Amino acid sequence: MMRPENFRSDTRELVGMKVSLTSYKMGDRFYCHIDNIDPGATIVRADGTTQDEAEQLAVAKAIERLTSKTKRS
Amino acid sequence: MQTYANPDVLVSTEWVAQHMRDPKIAIVEVDVDTAAYNEGHIPGAIGWNWQTQLCDTIRRDIISKDELQKLLSQSGIGNDTAIVLYGDNNNWFAAWALWQLKMYGHNDVRIMNGGRKKWLAEGRELTNEIPTPSQTTYRVFSYNEMFRAFRKHVEDEMKSPKAALVDVRSPDEFTGKILAPPGLPETCQRGGHIPGAKNIPWVQACNEDGTFKSPMELKTLYESKGITSDKSVIAYCRIGERSSHTWFVLKYLLGYPNVKNYDGSWTEWGNIVGAPVQRGG
């Protein structure tokens, strides 16, 4: 059994879009999840050995994904 | 202090922590983010995938009776099992599952107030172990379409002063500024809303920690926009899932007697040739 630790959740703006970023530690990994707030669909998820690493990776992936979607439309 | 109309449909995270090993209770996680369950879930919880297990994967429809029986049997759920649903993002897809289970007549279905977010924030126990429940023989004995609205019903009701349409999408979707939230594939040919609908985004029913707002706050939220219990209420969104959450709030937390979820929603209405559409606020 394990327990989530260091849970944190906040909102940010990435490439002009408001997103929600949630991260926590589970076992020996840190996980980060970014969604589009309303309706809350997942944009990206990432994991890392530290909370900052997981969040930075998720943010980079989210920017890449959101930018490519912006270009397409 | 005023209570919810049906307080038994909600259980707290603490209640789940105390009952998660009770064999008469099945804990089921249904997330928007289908990868979340594998990352860690409540010990003993079964995971259902809304994209493959809670819909007809060929035609656009809810899960069939046969598939639901199969899913519940494989999940070790009997007809008398209490099902406690929870999920991420304010229990969005937990509500979608509850709506379908109620239509298929499962009596005891509840939602864990606050969902996955609250469980994680409270640092409660999680596991990666996938449970292997004993197979049951679940039988659906009734199907109640009273909770579901189809296009024809919406067309008829929108002309009635006794009906109320509530569009639970974001203001930008409601006004027609965007066709769908960024990154979501299901879209439509026209933006806007069904004429006469009131815009009350679904997430306004929840607090920051994922729990539902108080009965008084919910009552004020809906009544201030004319969505009152004496009306025949139809909730809709883009594909019917956000509106299942509002359906749950109106039906069970506020006790409205006549509420339907129009799951065809905007991806049906906004694609119909000749359908009336209203733009702006």
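1. In what order do the four strands of the open sheet in chain B lie? The model is predicted, and in it the order is β7-β6-β8-β9 (chain B), with the strands paired in parallel. The edges are taken by β7 (198-199) and β9 (259-262) of chain B; each has a single partner strand, so one side of each has no neighbour in the sheet.

2. The pairing of β7(B) with strand β6 (residues 163-167) of chain B is parallel and rests on two bridges. Val166(B) has Lys198(B) of β7(B) as its bridge partner.

3. Helix α9 (residues 242-253) of chain B packs on this sheet, where it touches β6, β8 (232-236) and β9 of chain B. The directions of the helix and β9(B) make an angle of about 180°.

4. Which residues touch the most other members of the largest nonpolar core? They are Trp48(B), Leu85(B), Tyr222(B) and Phe248(B), in a core of 59 residues. Helix α4 (residues 88-103) of chain B gives the largest share, 10 residues. Both domain 1 (7-143) and domain 2 (146-269) of chain B contribute residues, so this core lies between them.

5. For Tyr222(B), neighbours within four places in sequence are left aside here. Its contacts are then Ile200(B), Ala205(B), Ile227(B), Thr246(B), Val249(B), Leu250(B), Leu254(B) and Tyr256(B).

6. Another core, of 18 residues, lies apart from the largest one. Among its members are Tyr24(A), Val11(B), Val16(B) and Tyr86(B).

Methods. Residues numbered from 1 in each chain as written. Chains lettered and ligands numbered in written order. Predicted model: local features only at pLDDT ≥ 70, side-chain atom pairs only at ≥ 80, totals over all residues. Heavy atoms only, no water. Pairing = 2+ DSSP bridges. Contact = heavy atoms within 4.5 Å. Axes fitted to C-alpha atoms, helices over the stretch in contact; angles between N-to-C directions. Core = buried A, V, L, I, M, F, W, Y, C linked by side-chain atoms within 4.5 Å. Buried < 20%, exposed > 50% of the residue type's maximum accessible area, 1.4 Å probe, protein only. Domains from an automatic or database assignment.
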